[in-house]
Amino acid sequence: MMTTLPTDTTVAARTALSELVGNTPLLRVTEPFASYGRGFWAKLEGFNPGGIKDRPGLHMVERARARGELKPGARIIESTSGTLGLGLALAGMVHGHPVTLVTDPGLEMSMTRLLTAYGAQVNVVSEPHPTGGWQEARRERVKQLMAQHPDSWCPDQYNNPDNTTAYTPLALELASALGHIDVLVCSVGTGGHSAGVSRVLRQLYPDLKVVGVDTIGSTIFGQPARPRLMRGLGSSIYPRNVAYENFSEVHWVAPGEAVRTCRQLASSHYATGGWSVGAVALVAGWLARTLPADARIAAVFPDGPQRYLGTVYDDDYCAAHGLLDGPPPLEPEVIGAVDEKEVTRWTRCSTVVDPLALGAQSEQPEDEPEDDQR
(Lines give C-alpha, C1' and ligand atoms only; values in the text may rest on other atoms or scores of the structure.)
Protein backbone atom coordinates (compact mmCIF):
# COMPACT_ATOMS: atom_id res chain seq x y z
CA MET A 1 0.00 0.00 0.00
CA MET A 2 1.39 3.40 -0.98
CA THR A 3 1.62 6.10 1.66
CA THR A 4 1.17 9.76 0.75
CA LEU A 5 3.62 12.03 2.51
CA PRO A 6 2.20 15.07 4.33
CA THR A 7 2.15 18.24 2.27
CA ASP A 8 4.67 20.02 4.50
CA THR A 9 7.12 17.15 4.05
CA THR A 10 6.69 17.35 0.28
CA VAL A 11 7.35 21.08 0.33
CA ALA A 12 10.45 20.56 2.46
CA ALA A 13 11.71 17.92 0.04
CA ARG A 14 11.22 20.25 -2.93
CA THR A 15 12.93 23.11 -1.10
CA ALA A 16 15.90 20.82 -0.44
CA LEU A 17 16.31 20.46 -4.21
CA SER A 18 17.20 24.14 -4.52
CA GLU A 19 19.88 23.69 -1.87
CA LEU A 20 21.78 21.47 -4.30
CA VAL A 21 22.61 24.57 -6.35
CA GLY A 22 25.75 26.59 -5.63
CA ASN A 23 28.99 26.15 -3.69
CA THR A 24 30.55 24.41 -6.69
CA PRO A 25 34.23 23.37 -6.52
CA LEU A 26 37.29 25.13 -7.88
CA LEU A 27 39.96 23.30 -9.84
CA ARG A 28 43.51 24.49 -10.44
CA VAL A 29 44.25 24.02 -14.16
CA THR A 30 47.97 23.90 -14.94
CA GLU A 31 50.05 21.93 -17.45
CA PRO A 32 49.67 21.53 -20.41
CA PHE A 33 47.68 24.79 -20.50
CA ALA A 34 50.45 26.73 -18.78
CA SER A 35 54.03 26.04 -17.81
CA TYR A 36 54.99 24.70 -14.39
CA GLY A 37 53.99 27.08 -11.60
CA ARG A 38 51.38 28.87 -13.71
CA GLY A 39 47.71 28.20 -14.29
CA PHE A 40 44.18 29.37 -13.63
CA TRP A 41 41.30 28.51 -11.32
CA ALA A 42 38.22 26.94 -12.92
CA LYS A 43 34.82 27.28 -11.24
CA LEU A 44 33.12 23.96 -12.05
CA GLU A 45 29.48 24.94 -12.50
CA GLY A 46 28.76 21.53 -13.99
CA PHE A 47 28.52 20.32 -10.39
CA ASN A 48 25.12 22.02 -10.11
CA PRO A 49 22.36 19.48 -10.90
CA GLY A 50 21.83 20.95 -14.38
CA GLY A 51 24.75 23.34 -14.78
CA ILE A 52 25.28 27.05 -14.34
CA LYS A 53 21.77 27.97 -15.48
CA ASP A 54 20.25 26.39 -12.38
CA ARG A 55 21.17 29.63 -10.64
CA PRO A 56 19.14 32.04 -12.83
CA GLY A 57 16.42 29.45 -13.40
CA LEU A 58 15.63 29.39 -9.69
CA HIS A 59 16.32 33.08 -9.07
CA MET A 60 14.21 34.46 -11.91
CA VAL A 61 11.27 32.30 -10.88
CA GLU A 62 11.59 33.21 -7.20
CA ARG A 63 11.79 36.94 -7.92
CA ALA A 64 8.82 36.82 -10.31
CA ARG A 65 6.77 34.98 -7.69
CA ALA A 66 7.73 37.54 -5.03
CA ARG A 67 6.59 40.41 -7.29
CA GLY A 68 3.36 38.65 -8.19
CA GLU A 69 4.28 38.42 -11.87
CA LEU A 70 4.25 34.62 -11.74
CA LYS A 71 1.07 33.35 -10.14
CA PRO A 72 0.93 30.09 -8.17
CA GLY A 73 0.65 27.15 -10.53
CA ALA A 74 1.00 29.30 -13.69
CA ARG A 75 2.90 27.94 -16.66
CA ILE A 76 6.50 29.02 -17.35
CA ILE A 77 7.33 29.33 -21.07
CA GLU A 78 10.81 30.14 -22.37
CA SER A 79 13.18 29.75 -25.32
CA THR A 80 16.26 27.63 -24.67
CA SER A 81 18.91 25.48 -26.30
CA GLY A 82 18.97 23.29 -23.20
CA THR A 83 20.97 24.70 -20.30
CA LEU A 84 18.44 27.19 -18.97
CA GLY A 85 15.76 24.61 -19.68
CA LEU A 86 17.28 22.39 -17.01
CA GLY A 87 17.27 25.26 -14.53
CA LEU A 88 13.64 26.14 -15.27
CA ALA A 89 12.60 22.49 -15.02
CA LEU A 90 14.20 22.45 -11.58
CA ALA A 91 12.51 25.72 -10.59
CA GLY A 92 9.15 24.46 -11.82
CA MET A 93 9.56 21.31 -9.76
CA VAL A 94 10.56 23.24 -6.64
CA HIS A 95 7.77 25.83 -6.87
CA GLY A 96 5.00 23.85 -8.53
CA HIS A 97 4.84 25.33 -12.04
CA PRO A 98 4.38 23.48 -15.33
CA VAL A 99 7.17 24.33 -17.77
CA THR A 100 7.15 24.58 -21.57
CA LEU A 101 10.52 24.94 -23.29
CA VAL A 102 10.79 26.11 -26.89
CA THR A 103 13.84 24.85 -28.72
CA ASP A 104 15.04 23.98 -32.24
CA PRO A 105 16.17 20.88 -34.15
CA GLY A 106 19.75 21.40 -33.02
CA LEU A 107 18.95 20.33 -29.46
CA GLU A 108 20.50 16.95 -28.71
CA MET A 109 17.98 14.10 -28.41
CA SER A 110 19.52 13.18 -25.07
CA MET A 111 18.74 16.66 -23.76
CA THR A 112 15.17 16.50 -25.06
CA ARG A 113 14.68 13.20 -23.26
CA LEU A 114 16.18 14.55 -20.06
CA LEU A 115 14.02 17.69 -20.06
CA THR A 116 10.95 15.55 -20.68
CA ALA A 117 11.93 13.21 -17.84
CA TYR A 118 12.11 16.25 -15.58
CA GLY A 119 8.49 17.03 -16.44
CA ALA A 120 8.95 19.83 -18.97
CA GLN A 121 7.06 20.02 -22.25
CA VAL A 122 9.47 20.48 -25.18
CA ASN A 123 8.17 22.44 -28.17
CA VAL A 124 10.40 22.40 -31.28
CA VAL A 125 10.28 25.07 -34.00
CA SER A 126 10.71 23.70 -37.52
CA GLU A 127 12.06 26.68 -39.48
CA PRO A 128 14.55 29.46 -38.64
CA HIS A 129 13.45 33.08 -38.74
CA PRO A 130 14.52 34.75 -42.04
CA THR A 131 16.75 37.28 -40.29
CA GLY A 132 16.97 36.21 -36.63
CA GLY A 133 17.72 32.52 -37.16
CA TRP A 134 16.55 29.82 -34.78
CA GLN A 135 16.78 32.15 -31.81
CA GLU A 136 14.20 34.59 -33.13
CA ALA A 137 12.00 31.72 -34.34
CA ARG A 138 11.97 30.34 -30.81
CA ARG A 139 11.09 33.70 -29.32
CA GLU A 140 8.17 34.11 -31.70
CA ARG A 141 6.89 30.64 -30.76
CA VAL A 142 7.09 31.64 -27.08
CA LYS A 143 4.78 34.59 -27.81
CA GLN A 144 2.31 32.30 -29.58
CA LEU A 145 2.25 29.82 -26.71
CA MET A 146 1.82 32.54 -24.10
CA ALA A 147 -1.25 33.77 -25.95
CA GLN A 148 -2.66 30.24 -25.67
CA HIS A 149 -1.98 29.98 -21.93
CA PRO A 150 -3.54 32.78 -19.86
CA ASP A 151 -1.43 33.83 -16.85
CA SER A 152 1.67 32.16 -18.29
CA TRP A 153 5.01 33.84 -17.64
CA CYS A 154 8.22 34.12 -19.68
CA PRO A 155 11.54 34.82 -17.90
CA ASP A 156 12.90 36.61 -21.03
CA GLN A 157 16.42 35.59 -20.09
CA TYR A 158 17.98 37.82 -22.76
CA ASN A 159 16.73 41.03 -21.14
CA ASN A 160 15.79 40.10 -17.56
CA PRO A 161 18.01 41.84 -14.97
CA ASP A 162 17.28 38.97 -12.55
CA ASN A 163 19.34 36.83 -14.93
CA THR A 164 22.39 38.82 -13.86
CA THR A 165 21.70 39.24 -10.13
CA ALA A 166 21.29 35.46 -9.92
CA TYR A 167 25.07 35.21 -10.13
CA THR A 168 25.86 37.28 -7.05
CA PRO A 169 26.37 34.09 -4.99
CA LEU A 170 28.75 32.72 -7.62
CA ALA A 171 30.83 35.90 -7.45
CA LEU A 172 30.96 35.75 -3.66
CA GLU A 173 31.94 32.08 -3.76
CA LEU A 174 34.86 32.97 -6.01
CA ALA A 175 35.94 35.88 -3.82
CA SER A 176 35.70 33.82 -0.64
CA ALA A 177 37.71 30.93 -2.06
CA LEU A 178 40.41 32.90 -3.91
CA GLY A 179 40.79 35.98 -1.71
CA HIS A 180 41.84 38.12 -4.66
CA ILE A 181 41.15 37.93 -8.40
CA ASP A 182 43.05 39.78 -11.11
CA VAL A 183 41.32 38.37 -14.20
CA LEU A 184 37.85 36.89 -14.77
CA VAL A 185 37.22 34.82 -17.92
CA CYS A 186 33.60 34.14 -18.94
CA SER A 187 31.79 32.85 -22.00
CA VAL A 188 29.05 35.18 -23.25
CA GLY A 189 25.62 34.26 -24.55
CA THR A 190 22.68 35.92 -22.84
CA GLY A 191 25.25 37.98 -20.93
CA GLY A 192 23.89 36.92 -17.56
CA HIS A 193 26.77 35.32 -15.72
CA SER A 194 29.50 37.55 -17.15
CA ALA A 195 27.55 40.68 -16.13
CA GLY A 196 26.44 39.38 -12.75
CA VAL A 197 29.78 38.02 -11.62
CA SER A 198 31.86 40.93 -12.94
CA ARG A 199 29.55 43.52 -11.34
CA VAL A 200 30.17 42.10 -7.88
CA LEU A 201 33.86 41.35 -8.33
CA ARG A 202 34.53 44.82 -9.75
CA GLN A 203 33.22 46.29 -6.50
CA LEU A 204 35.63 44.09 -4.54
CA TYR A 205 38.56 44.39 -6.97
CA PRO A 206 38.37 47.70 -8.90
CA ASP A 207 41.33 46.74 -11.12
CA LEU A 208 39.74 43.47 -12.20
CA LYS A 209 40.23 42.61 -15.88
CA VAL A 210 37.20 40.91 -17.46
CA VAL A 211 37.75 38.81 -20.58
CA GLY A 212 34.73 37.78 -22.65
CA VAL A 213 34.74 34.62 -24.78
CA ASP A 214 32.40 34.38 -27.77
CA THR A 215 32.13 32.08 -30.78
CA ILE A 216 32.84 32.93 -34.39
CA GLY A 217 29.61 33.75 -36.22
CA SER A 218 28.06 35.52 -33.21
CA THR A 219 26.76 39.09 -33.31
CA ILE A 220 27.22 39.87 -29.61
CA PHE A 221 30.43 41.87 -29.96
CA GLY A 222 29.88 43.27 -33.44
CA GLN A 223 30.73 40.43 -35.80
CA PRO A 224 28.23 39.40 -38.51
CA ALA A 225 25.84 36.56 -37.63
CA ARG A 226 26.65 33.27 -39.37
CA PRO A 227 25.49 29.67 -38.95
CA ARG A 228 27.07 28.42 -35.73
CA LEU A 229 27.98 24.92 -34.66
CA MET A 230 28.68 25.69 -31.02
CA ARG A 231 25.82 25.84 -28.52
CA GLY A 232 26.08 27.48 -25.10
CA LEU A 233 27.70 30.75 -26.16
CA GLY A 234 27.12 33.32 -28.87
CA SER A 235 23.91 34.86 -30.23
CA SER A 236 22.25 36.08 -33.40
CA ILE A 237 20.55 38.92 -31.47
CA TYR A 238 21.93 41.58 -29.12
CA PRO A 239 21.01 40.55 -25.54
CA ARG A 240 20.63 43.60 -23.33
CA ASN A 241 22.11 41.83 -20.31
CA VAL A 242 25.60 41.99 -21.84
CA ALA A 243 27.64 44.47 -19.79
CA TYR A 244 29.90 45.73 -22.57
CA GLU A 245 31.43 48.37 -20.32
CA ASN A 246 32.83 45.70 -17.99
CA PHE A 247 34.94 43.88 -20.60
CA SER A 248 38.62 44.59 -21.05
CA GLU A 249 38.82 42.43 -24.16
CA VAL A 250 36.92 39.81 -26.14
CA HIS A 251 38.07 36.58 -27.79
CA TRP A 252 36.23 34.69 -30.53
CA VAL A 253 36.89 30.95 -30.68
CA ALA A 254 36.15 28.47 -33.48
CA PRO A 255 34.45 25.09 -32.87
CA GLY A 256 37.50 22.95 -33.62
CA GLU A 257 39.62 25.00 -31.22
CA ALA A 258 37.04 24.49 -28.46
CA VAL A 259 36.72 20.75 -29.15
CA ARG A 260 40.44 20.11 -29.03
CA THR A 261 40.71 22.08 -25.78
CA CYS A 262 37.81 20.15 -24.23
CA ARG A 263 39.58 16.90 -25.03
CA GLN A 264 42.89 18.22 -23.75
CA LEU A 265 41.16 19.13 -20.48
CA ALA A 266 39.63 15.69 -20.22
CA SER A 267 42.91 13.87 -20.73
CA SER A 268 44.93 16.07 -18.39
CA HIS A 269 42.51 17.23 -15.66
CA TYR A 270 39.52 14.84 -15.88
CA ALA A 271 37.11 17.77 -15.29
CA THR A 272 35.92 19.10 -18.64
CA GLY A 273 32.73 20.23 -20.36
CA GLY A 274 31.14 21.44 -23.57
CA TRP A 275 31.77 24.11 -26.18
CA SER A 276 31.83 27.01 -23.69
CA VAL A 277 34.21 25.20 -21.37
CA GLY A 278 36.65 24.49 -24.18
CA ALA A 279 36.55 28.07 -25.44
CA VAL A 280 37.04 29.54 -21.96
CA ALA A 281 39.87 27.14 -21.11
CA LEU A 282 41.68 27.98 -24.35
CA VAL A 283 41.63 31.70 -23.51
CA ALA A 284 42.35 31.28 -19.80
CA GLY A 285 45.33 29.05 -20.57
CA TRP A 286 46.79 31.68 -22.88
CA LEU A 287 46.33 34.34 -20.21
CA ALA A 288 48.08 32.10 -17.67
CA ARG A 289 51.02 31.74 -20.06
CA THR A 290 51.32 35.42 -20.95
CA LEU A 291 50.38 37.40 -17.83
CA PRO A 292 52.75 37.73 -14.84
CA ALA A 293 53.18 34.44 -12.99
CA ASP A 294 51.46 35.77 -9.86
CA ALA A 295 48.29 36.90 -11.70
CA ARG A 296 45.25 35.18 -10.19
CA ILE A 297 42.93 34.12 -13.00
CA ALA A 298 39.42 32.77 -12.43
CA ALA A 299 37.52 31.08 -15.27
CA VAL A 300 33.88 29.98 -15.19
CA PHE A 301 33.19 26.51 -16.65
CA PRO A 302 29.40 26.55 -17.24
CA ASP A 303 28.73 22.82 -17.51
CA GLY A 304 30.10 19.30 -17.66
CA PRO A 305 30.66 16.93 -20.60
CA GLN A 306 27.55 14.74 -20.36
CA ARG A 307 25.34 16.38 -22.98
CA TYR A 308 28.21 16.56 -25.49
CA LEU A 309 29.00 12.85 -25.81
CA GLY A 310 27.42 12.85 -29.26
CA THR A 311 29.21 15.99 -30.46
CA VAL A 312 32.37 17.27 -28.78
CA TYR A 313 33.44 13.78 -27.67
CA ASP A 314 32.20 11.83 -30.69
CA ASP A 315 35.01 11.11 -33.15
CA ASP A 316 32.68 10.56 -36.10
CA TYR A 317 30.80 13.82 -35.48
CA CYS A 318 34.04 15.76 -35.07
CA ALA A 319 35.59 14.21 -38.17
CA ALA A 320 32.50 15.03 -40.23
CA HIS A 321 32.80 18.68 -39.20
CA GLY A 322 36.60 18.88 -39.48
CA LEU A 323 37.08 19.57 -35.76
CA LEU A 324 40.13 17.43 -35.03
CA ASP A 325 42.65 18.91 -37.44
CA GLY A 326 45.75 19.50 -35.33
CA PRO A 327 46.27 20.75 -31.75
CA PRO A 328 44.67 23.92 -30.39
CA PRO A 329 46.56 27.07 -31.44
CA LEU A 330 48.93 28.59 -28.89
CA GLU A 331 47.89 32.21 -29.36
CA PRO A 332 45.11 34.27 -30.94
CA GLU A 333 45.15 36.53 -33.94
CA VAL A 334 44.69 40.18 -32.98
CA ILE A 335 42.40 42.83 -34.47
CA GLY A 336 42.21 46.48 -33.47
CA ALA A 337 38.42 46.92 -33.79
CA VAL A 338 35.54 44.46 -33.53
CA ASP A 339 34.41 45.22 -37.09
CA GLU A 340 37.90 45.29 -38.64
CA LYS A 341 37.28 41.98 -40.38
CA GLU A 342 35.19 38.85 -40.06
CA VAL A 343 37.03 36.39 -37.83
CA THR A 344 37.18 32.66 -38.58
CA ARG A 345 39.59 31.42 -35.92
CA TRP A 346 40.61 32.29 -32.36
CA THR A 347 40.92 36.09 -32.42
CA ARG A 348 41.39 38.73 -29.75
CA CYS A 349 40.27 42.38 -29.61
CA SER A 350 41.00 44.75 -26.72
CA THR A 351 38.45 47.35 -27.84
CA VAL A 352 34.95 46.34 -26.72
CA VAL A 353 31.87 48.35 -27.65
CA ASP A 354 28.11 47.79 -27.79
CA PRO A 355 27.38 46.98 -31.46
CA LEU A 356 24.02 48.76 -31.27
CA ALA A 357 25.86 51.93 -30.37
CA LEU A 358 27.73 51.55 -33.66
CA GLY A 359 24.56 50.83 -35.60
CA ALA A 360 25.65 47.25 -36.29
CA GLN A 361 23.28 45.17 -38.38
CA SER A 362 22.92 41.41 -38.15
CA GLU A 363 23.63 39.44 -41.32
CA GLN A 364 21.85 36.14 -40.90
CA PRO A 365 21.90 33.96 -44.01
CA GLU A 366 18.58 32.43 -44.96
CA ASP A 367 19.73 29.15 -46.45
CA GLU A 368 21.46 27.61 -43.43
CA PRO A 369 20.22 27.00 -39.87
CA GLU A 370 22.28 28.03 -36.88
CA ASP A 371 22.53 26.89 -33.29
CA ASP A 372 21.86 29.47 -30.63
CA GLN A 373 22.62 30.14 -27.01
CA ARG A 374 20.69 28.61 -24.15
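Partly exposed denotes a relative accessible area between the limits for buried (under 20%) and exposed (over 50%), with a 1.4 Å probe and protein chains only. The model is predicted: local features need pLDDT of at least 70, side-chain atom pairs count only at pLDDT 80 or more, and totals for chains, interfaces and linings use all residues. Residues are numbered from 1 along each chain as its sequence is written, and side-chain values use heavy atoms, with hydrogens and water left out.

**Exercise 1.** Determine how many salt bridges the model holds.

*Solution.* The criterion is a side-chain nitrogen of Lys or Arg within 4 Å of a carboxyl oxygen of Asp or Glu. Applying this rule gives 16 salt bridges.

**Exercise 2.** Characterise the pair aspartate 151 and lysine 71.

*Solution.* The closest N and O atoms are 3.3 Å apart, and the two residues form a salt bridge. Aspartate 151 lies in the loop between α5 (133-148) and α6 (162-165), and lysine 71 in the loop between α2 (54-67) and β3 (76-79), so the contact ties together parts 80 residues apart in sequence. Helices (H or I, at least four residues) and strands (E, at least two) are DSSP runs, numbered from the N terminus. Aspartate 151 is partly exposed at 47%, and lysine 71 is partly exposed at 43%.

**Exercise 3.** State which side chain meets aspartate 354 in a salt bridge, and classify that partner's accessibility.

*Solution.* The partner is arginine 240, at 2.9 Å from N to O. Aspartate 354 belongs to the segment after β11 and arginine 240 to the loop between β7 and β8, 114 residues apart. With 39% relative accessibility, arginine 240 is partly exposed.
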